[in-house]
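This briefing goes through a few local features of a predicted model. Please keep the sequence and the structure at hand while reading.

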Amino acid sequence: MTPPDLTDVIKAPCRNCGAQLHFSADKQKLACSHCGNTEDIPFAKTKLVENPLTYRFENQQLPSAPTEEKRLFTCGNCGAKTQVNLDTPTITCAFCGSRNVNPDAQKTRLIEPAGVLPFRISRAGATERFKSWVGSDWLAPSDLKAGAMLDQLHGIYIPYWTFDAQASSNWEGQAGYYYYVPVEVRDANGRVVTQQQRRVRWEYRSGSHSAFYDDVLTMASRQLSTQEGTVQEVSRYEMNDVVDYDPRFLLGWEAEVYSIDLPESAQKAEALIRDREMNACAAELGGDTQQGLQVDTRLTNQTFKHLLLPLWICAYTYNGKLYRFMVNGQTGQVAGQRPKSAWKIALLIGGFILLVALIYWFTQKR
């Protein structure tokens, strides 16, 4: 059987005029740009099943999970792989900005997304949030909002792995509690004075902690790994709105294919869960200070899903320099780069130095 072409899978002609429909973030429907017709699309949640994380027992091969044939566009400039409509004559890469004509699509076998979080922020909405965000930093140049020119704006579905696991930890360590004792010492003038010196009383403690970790998100885009801090800032998604994967949600949008595979992402998620368990056990150990904390964590019932989450990848120019920022395609949260005003930074530093000098002056006057 011949694998389906991407254009066959996600083609959605308008019932009125036959033009291609696209998913409208504003209307939350399929919409026609030609005649204005809209058509409903189901926001179903019947296929959001968890897949057992069994790759360890399969020689680190892809686990038994639903797969599908994708048609991919590979950027010849930076190598990023994205899912695209093949009838688009030109494509601008969301990662390096290069324009590509008549892309050479290729087929590859991938783990099919279980769910998708549809865009809620439209292009106009992303632009408005950019205008509000770009001048909101006090340290930014005063003319930044007026002088920043929006250069690139890409709405793209970013691949994520999401992991569930039951964590059970046994811990032991020493909790230290501060107490103070009076000690006689000589001051700078040779006088004997009494000071309170701190001591630590150590207590050995042990215990156990358990927690279920649900939907631990791990980004699966290697192209965005250099901007992972910014991505994390805007990745506070409302996961209850995830619906069954339907390729029609991708109509009119770009969609990247995962480039960080399941085993690598699972290891990262496990490390994150173990760190959280370490922090939770440290909280249970208690004390004013701690030493020798050891935590043994066991993970069971590990499962995963592959999801597509919405993100606006954007850039703007100010004084001839390019700055990048991102907008959460669901919530509108913004994070990214903003230039700083040299004179405002100097004013802030000068004010701090003046404050320290005044405090010192008043202290010496007493």
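Asn319 sits in the loop that runs between strand E15 (289-318) and strand E16 (321-328), and its phi is near 50°, a positive value in a residue other than glycine. Most residues other than glycine have a negative phi. Gln28 also has a positive phi, near 55°.

**Loop residues with positive phi**
- Asn319 has a relative accessible area of 68%, and because the cut-off for exposed is over 50%, Asn319 counts as exposed.
- Gln28 is placed in the loop between strand E1 (21-24) and strand E2 (29-32), and because its relative accessibility is 14%, with the limit for buried set at under 20%, Gln28 counts as buried.

- Asp164, which belongs to strand E11 (residues 149-186), is buried yet has no salt bridge, the nearest side chain of opposite charge being that of Lys305, 5.0 Å away.
- The side chain of Asp164 does reach the backbone nitrogen of Asp215, at 2.7 Å.
- Setting aside neighbours within four places in sequence, the residues in contact with Asp164 include Glu50, Phe212, Tyr213, Asp214 and Asn301.

- Apart from neighbours within four places in sequence, Glu277 is in contact with Ala167, Ser169, His209, Ala211, Tyr213 and Thr297.

Definitions and conventions:
Residues numbered from 1 in each chain as written. Predicted model: local features only at pLDDT ≥ 70, side-chain atom pairs only at ≥ 80, totals over all residues. Heavy atoms only, no water. Contact = heavy atoms within 4.5 Å. Helix = DSSP H or I, 4+ residues; strand = E, 2+ residues; numbered from the N terminus. Buried < 20%, exposed > 50% of the residue type's maximum accessible area, 1.4 Å probe, protein only. Lys, Arg positive; Asp, Glu negative; His and termini not counted. Salt bridge = Lys/Arg side-chain N within 4 Å of Asp/Glu carboxyl O. Polar contact = N/O pair within 3.5 Å; in protein donor to acceptor, adjacent residues only side chain to side chain.
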